[in-house]
Amino acid sequence: MGNEAELLPGTLDLLILKAVSLGPLHGYGVLLRIEQISGRALLIEQGALYPALFRLVRQGLLKASWGKSDNNRRAKFYELTSKGRKRLREETDGWNRLVAAIASALAARPQEI
Amino acid sequence: MNLAYFRSLAARFFHRSLTENDLEEELRSHIQLRANDLERVGLTRAEAERRARMEFGGQERFKEECREAIAGNFIDILVQDVRFGLRMFRKSSGVTAIAILTMALGIGATTAIFSVVEATLLRPLPYPQPEQLVSIQADLPGLGANDVGISQPEWQDLQESGIFQYVSPTWFDENNLTGSSQPARVRLLLVAPNYFALLAVQPQLGRAFDPHDHSPGIIPEVVISDGLWKRSFGADSNILGKSVRMDTDLYRIVGVMPAGFDAPGRTAEERNIEIWAASSFYGTPMPDHPPRNRRYFPTAIARLKPGVAIAVAQKQLDALTASLQKQFSGDYPPQNAWTVRLLPLKERVVGNVRQSLVLLLAAVGLVLLIACVNVANLLLARASVRGREMAIRRALGAAPGRLTRQLLTESLLLSLFGGVAGVAILFLLKDFLLRLIPENLPHLNEISISWNILLFALVASVVSGVLFGLAPALQASRLDLNHALKQEGRSAGSRERARTRRGLVITEFALSLVLMVAAGLLLRSFWDLLNVQLGFSPQNVMIVRTRLPAPNDPNNDKYATDVQETPFLRELVRKCTLLPGVQEVAIGDTASIPLDQTLRDLKVISEGQFFFSIEGRNVQSDHSTVAERSSVTSDYFHLLGITLRRGRLFNESDNDNTPQVAVINRAMADTYWPNENALGKRFKATRDGSRWITVVGVVANARTESLARADVPQIYLDLYQTAERRLSVFLRGRFRTAAIADEVRQQVQSLDPALPVYGTQTLNETVSASLSQRRFSMELVSLFALTALLLAGLGIYGVISYVVSERAHEIGIRLALGASRSNILRIILRQGLGLAIVGAGVGLIGALIVSQLMASLLYGIRPTDPLTFAGVALLFIGVALFACYVPARRAMKVDPMVALRCE
C-alpha cells in the first residue's frame with residue numbers, strides 16, 4: 001500500500017459524476033469503478049458515498065432507478081442526466097485548470113523568477 | 001431549487017416511508033454485493049458479511065446524512081422534534097405549564113390591545129373608498145380659535161369649487177320625537193341631501209335623499225337608523241312612507257340605514273345618530289340668504305374626486321380661500337387669518353385617541369417582551385438540567401445545529417401553545433373585555449377577533465418563541481462536551497448559563513421599571529386631576545335634561561318668545577323645588593353642564609364658543625375675543641357653589657325688556673379687562689344685529705370647561721333673557737337618584753306632555769366620565785406594569801433560587817468554616833440586589849426617554865417627576881429584596897453536613 005491518496009474535499013462528487021458517466025452503476029459499482037479508474041490510488045469511505053449520491057440526485061445531476069445487478073440482485077442504478085453531463089464537463093475543465101496552475105506553481109525554480 | 005428538487009420534495013412528502021425503505025434496501029444491497037466480492041476472495045459468508053459491514057462504517061450516521069441530503073427532510077426532523085418536545089413537556093410539566101401560562105398572558109393581552117388598535121387606528125373607516133373622505137375644518141388662528149365651523153355660503157363655495165365630488169355640512173342636533181307613548185329625545189343629524197351619496201352607503205330599506213334636491217327649508221323626509229327602527233317601530237317592514245312627528249313637524253320616513261352603520265363623529269353621541277334629515281340650509285326656518293360670517297355648521301365632510309391626493313386638494317383649497325378672503329374682505333378680517341384645512345376623515349374620528357392607544361400597545365408589548373425574557377430564563381434553568389442529555393446526544397454524533405433546532409422547535413411549540421391559550425382566553429372573556437372599553441373610544445369598525453387578529457397572534461407567538469428560545473438554543477450549540485460529560489450528575493455549562501440568566505433578569509427589571517414609571521406618571525396625573533380644586537361642588541347634584549321643540553314653522557312654536565318661555569321655566573323651577581328631598585333647583589342650557597363632553601359639536605354651534613366684540617375697543621382687534629358661554633338661572637351659581645366675587649347675579653328685574661346682562665368669571669375679567677373694573681362694561685356677539693350685553697357680576701373661576709384648565713374665560717347669560725331650547729335641570733338635595741328622573745318627568749309633562757325627559761345623571765358621574773379615557777389608559781397601563789413587576793420578581797426569584805442550589809456546597813463549606821447565617825443571608829441578598837440595581841439603573845434611563853414621549857398625556861407633573869422615579873425605583877428594590885429573601889432563607893438553612901456529603 002502506501003500509494004493511496006487522501007481524497008480532497010469536494011472531489012468525491014466529481015469522481016462519482018465521472019464514474020457514472022461511463023455507464024449506469026449501482027452504489028457499490030460506483031465505488032468499484034472509482035477504485036478501478038483511479039488505479040486503486042483513491043480510497044473512499046464506503047458509507048460516505050451514499051449521502052453524496054443522494055445529494056447529486058437532489059441537485060438533478062444524477063437520476064436513480066431500481067434494476068437488477070449482474071447476479072440478479074435488486075439494486076438502485078444511477079445515471080447521468082444532461083445537466084449532470086454538463087456539470088461534469090465544467091468541473092473537469094475547472095479541475096484541469098487548477099491542476100495545471102498548481103503544477104506550474106510547484107515546478108517554479110528560483111532562476112525563473 | 002429546481003423542478004427535480006420539488007419533485008423529490010413532493011415524492012418525499014407523500015411517500016415518506018417509501019423513501020425510508022429505499023434507503024434501507026440500497027444500503028443492504030451494497031453490503032450484500034461487497035460481501036459477495038469478499039466471499040469470492042475466500043472468506044466464509046459470515047466473515048464476509050461482518051467485514052462488509054465494518055468497511056461500510058457507521059450505518060446510522062450515514063443514513064442520517066442521507067436523509068439530510070434528501071429534499072424535504074426538514075419535515076421529518078420537524079415531526080421528530082415536535083414529538084420529542086412534547087415528551088419533554090410531559091416530563092417537566094410544571095415548568096411547561098408556567099411557561100405556557102406566561103406566554104398566554106403576554107400574547108393574550110397584546111392581542112387584545114392590538115384588536116382595539118386594529119379596529120380603530122389600522123382599519124379604514126367602514127365606507128367605500130374611505131381614502132377619499134375628508135373632514136373640512138376651519139380655523140381662525142388669529143383668534144386662537146380652532147374648528148370654528150363653516151357657514152352656508154362657504155359650504156356653497158366649497159361645493160362649487162370643483163375640488164370635491166360632494167361636500168356636506170353635518171349638524172348634530174337633538175329633537176323631540178312624539179307620537180309614541182312617551183315623547184323621546186332623538187339624536188338627529190341635519191345634513192346636505194348629498195350626505196349618503198358622499199358616504200356611498202345605501203339604506204337597507206327604501207332610499208336615501210336625492211343628492212340634487214336643492215329646495216329651501218328642511219326637506220320633509222328622514223332616514224332612520226336600524227336601532228330606532230327596531231326600538232320605536234318594532235322593525236315594521238311597511239315603515240316606508242309613514243310619518244314621524246319631530247318638534248311638532250311631520251316628516252316622511254324614506255329609508256332605514258343598515259345595522260352597524262354609524263356616522264363619522266367624534267363622540268359616541270355623535271356617531272350613534274338615530275335620524276338623518278336633509279336641508280340645503282336656506283329658507284325658513286333658516287334665513288333666505290344666510291350670512292357668510294355665521295358659521296353654524298360645526299363641521300363639514302367631503303369626498304375628494306377619485307385619484308386626487310389630499311395635499312393636492314389642499315393646495316386648490318388654499319387658492320380658493322385666498323380669493324374668497326379678497327372678495328369678501330369684510331367677512332374675513334386679515335387678522336383672523338381664516339384658514340380651511342382638509343383632514344382625513346378618519347383623523348377627525350380617531351385623532352384624539354391615537355396617542356393613548358399607541359401608549360397602551362407599547363405598554364402591552366413591553367409586557368410580552370418581559371414574558372419572553374421570563375420564559376427564556378425558565379428554559380435556561382431547565383437547560384442546565386438537560387445539559388447532560390445534550391452532551392450525550394452530541395457525543396453520539398448529533399450535530400450542534402441539530403440540537404439548536406430541537407430546542408428552538410420546543411420553544412416555538414411552547415409559545416404557540418401559549419398563543420392558542422391566550423387567544424382562547426380572549427374568546428372566553430371577549431364580552432367582558434369589550435365592556436371595559438370607554439364608550440367614547442371611537443371604533444366605527446367592530447372590535448372582534450378577526451383573521452387579522454389571529455394572524456397577529458400567530459406572528460406574535462412565533463416571534464416570541466424565537467426570541468425566548470434563542471438564548472437556550474445558542475447555549476446548547478456552544479456546549480463544551482468534555483466538561484459537560486465529566487461533571488457526573490451535576491448540571492453542565494452552569495457558569496455561562498448563569499451569566500446569561502443574570503443578563504436576562506437585568507433586562508427584565510429594566511423593562512418593567514420603564515413600564516412602572518409610565519404607569520406611575522399616569523397615576524399621579526390622574527390623582528392630581530381627581531384632587532384638583534374644581535371650583536364647584538358636584539356632590540348631591542343631579543342633572544335631568546329636557547328640550548323645548550323648535551318647529552320649522554314659527555307659528556307652531558309654543559316657546560317662540562321669552563314671554564312664552566319664561567313662565568314655563570319659572571313654573572318648572574317652582575314645581576321641582578317642591579319635590580321631596582330637593583333643596584335647590586337651577587336650570588341651564590347644555591353648555592352649562594360642567595365637564596360634559598358628550599356633545600362637542602352641539603356646543604360649538606349653538607352654545608359654548610362665543611365670539612364677541614367689546615364696546616369702545618378697536619373694531620379690528622375686538623375680533624380676537626372668544627369665550628365659553630352658557631345660559632343659566634341665577635340659582636345655578638349657589639347650587640354649584642360658585643361664589644360671587646363682585647357685582648350681582650341675575651335677578652327678577654332682568655327680562656326681555658331690560659338690557660341683556662351677563663355674569664363673567666374672573667379669568668374672563670382678568671383676560672379682557674385687566675387692571676380695570678369689568679362691572680358695567682359692555683360687549684356683544686360679533687354677528688350682526690345682536691344686543692349689547694352688560695357685565696353685572698364677576699364670579700370665581702370653576703373648572704367647568706376642562707378639568708385640566710382653571711382659567712378658561714367664561715360668560716354666563718341669564719337663561720330668562722335667552723331662548724335656549726336644550727334645558728338641563730340641576731337639582732341639589734338628598735333624594736333617591738333612581739326615582740328623581742320620573743318625578744321630574746311628571747313635573748315637566750304636567751306643564752307640556754310633549755316634552756321628553758332624558759339624560760339623567762349625577763354631576764359626580766359627569767365629572768368622572770370626563771376622565772374616562774384617562775382612566776382607561778391609566779388603569780390598563782397600571783395593570784400591565786403590575787404584571788411586569790410580578791414577572792420581574794419571579795425572574796429574580798428564579799435566578800437567586802438557582803444560585804442558592806448551585807452554591808449549596810460552597811455555602812456548606814462556609815458554614816462549616818464558621819460563617820454566620822446572617823453572613824450567608826447577606827451574600828445572597830447582595831447578589832440579588834446587585835442585579836436589581838443594575839436593572840433599575842438601565843430602566844431609569846429608558847424611562848426618562850419614554851416619559852418625554854408621553855408628556856402630553858400627563859397633567860400637573862413634569863415627565864421627569866423625581867418623586868415618581870424615586871418611588872418606582874425604591875419599590876423595585878423592595879420587590880427584588882423580597883424575591884431574594886425567600887431563597888436566601890433557604891440558603892441560611894443549608895445543613896453543612898448534608899451539603900458536603902452531597903459531593
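**View 1. Strands E2 and E3 of chain A, side by side.** In this predicted model, E2(A) and E3(A) (residues 74–80) run antiparallel and are joined by seven bridges. Strands here are DSSP E runs of at least two residues, helices are H or I runs of at least four, and both get their numbers from the N terminus. Look for A:Ala64, which sits opposite A:Tyr78 of E3(A).

**View 2. The open sheet of chain A.** The strand order is E1-E3-E2, with antiparallel pairing; to count as a pair, two strands need at least two DSSP bridges. E1 (25–26) and E2 (62–68) of chain A are the edges, each pairing on one side only.

**View 3. Helices on the sheet.** H1(A), residues 11–21, lies across E1, E2 and E3 of chain A, at about 100 degrees to E3(A). H3(A), residues 49–58, packs on the sheet too, touching E2 and E3 of chain A and making about 120 degrees with E2(A). Angles go from 0 to 180 degrees between N-to-C directions, using lines fitted to C-alpha atoms (for helices, over the stretch in contact). Contact means C-beta atoms, placed from the backbone, within 7 Å.

**View 4. Where chain B meets chain A.** Here 23 residues of chain B contact 18 of chain A. H2(B) gives the most to chain B's side, with eight residues.

**Notes.** Residues count from 1 along each chain as its sequence is written, while chains are lettered from A and ligands numbered from 1 in the order written. Local features need pLDDT of at least 70 and side-chain atom pairs 80 or more, whereas totals for chains, interfaces and linings use all residues.

Terms used:
Two residues are in contact if their C-beta atoms, placed from the backbone, lie within 7 Å.
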